[in-house]
Amino acid sequence: MLNTYLKIRRWEAHFDVRRPLAGLPEPQLVVEEIQETASYRIAPRDSEGSQISITLSGPGVLRVGAEDCEIPPGSAFLHNHNDPATTYFYRPGGREPWRFLWIAFNGAEETVSDLNRRYGYLFPAGELIPILAGFRQGQARSSVEPLTALAGARLVYRLLEKLTAGREEPFFGTPAGRLATA
């Protein structure tokens with residue numbers, strides 16, 4: 001099992017958050033992964049935590065309830081690990097490997113649930129790819145990234161903000177927003 005596990009991960013960076021602070025989200029792990037077998041399927045897990053996954057190439061599918069959604073290159077999905085509505089998998093009959101980046105984090109489950117209710121599960125990846133790919137350390141397959149608690153929370157919030165960019169109504173352009181800044 002361990003050898004198979006290592007073959008599908010091109011690289012991974014573990015976050016070592018120093019002295020975590022209660023109430024702040026904490027990044028755990030960022031991975032570039034490749035899957036190409038029809039048996040690859042990740043169902044809801046009995047664990048806390050959330051994840052953003054971004055398709056780089058190949059066929060990935062996100063199932064939300066009974067609806068299957070292709071996750072084309074440049075697209076991302078956001079979900080909680082224990083969300084009973086979500087499963088993701090390599091598309092049966094896919095002709096090329098599914099290559100994707102993902103980041104797992106803890107402590108933002110309520111926020112992720114609210115974002116899923118408000119905006120759905122699929123998003124354009126936008127600026128997330130270079131942010132996550134930037135954690136790769138040269139040719140190393142595994143590395144550790146030390147972060148303070150506030151830097152870890154800032155990373156998670158920055159990713160969520162960029163993920164939902166364009167979905168929020170601009171507040172400062174509204175009459176109430178102009179009044180608030182006057």
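This is a predicted model: local features need pLDDT of at least 70, side-chain atom pairs count only at pLDDT 80 or more; totals for chains, interfaces and linings use all residues.
**Exercise 1. Decide whether Y88 is buried or exposed in this model.**

Step 1: Recall the cut-offs: buried means under 20% relative accessible area, exposed means over 50%, and partly exposed lies in between (1.4 Å probe, protein chains only).
Step 2: Y88 has 5% relative accessibility, so Y88 counts as buried.

Residues are numbered from 1 along each chain as its sequence is written, and side-chain values use heavy atoms, with hydrogens and water left out.

**Exercise 2. Describe the aromatic pair of F77 and Y88.**

Step 1: Rings of Phe, Tyr and Trp (its six-membered ring) pair if their centres lie within 6.5 Å; planes under 30 degrees apart are stacked, over 60 edge-to-face, and the rest tilted.
Step 2: This rule gives seven aromatic pairs.
Step 3: For F77 and Y88, the centres are 5.1 Å apart with 55 degrees between the planes, and the pair is tilted.
Step 4: Strands here are DSSP runs (E, at least two residues), numbered from the N terminus.
Step 5: Widen the view: ring pairs link Y40, F77, Y88, W98 and F100 into a cluster.

**Exercise 3. Find the strands that pair with β9, and say how enclosed β9 is.**

Step 1: Two strands pair if DSSP finds at least two bridges between them.
Step 2: Strand β2 (residues 26–35) runs antiparallel to β9, joined by nine bridges; here P27 stands opposite F105.
Step 3: Strand β4 (residues 50–57) is also antiparallel to β9, with seven bridges; here S57 faces R99.
Step 4: In β9 (residues 98–106), seven of the nine residues are buried, so this strand is largely enclosed by the rest of the structure.

**Exercise 4. Which ring does the charged end of R41 sit over?**

Step 1: The rule asks for NZ of Lys or CZ of Arg within 6 Å of the ring centre and within 35 degrees of the ring normal.
Step 2: The charged end of R41 sits over the ring of F89, 4.1 Å from its centre.

Methods
Helices (H or I, at least four residues) and strands (E, at least two) are DSSP runs, numbered from the N terminus.
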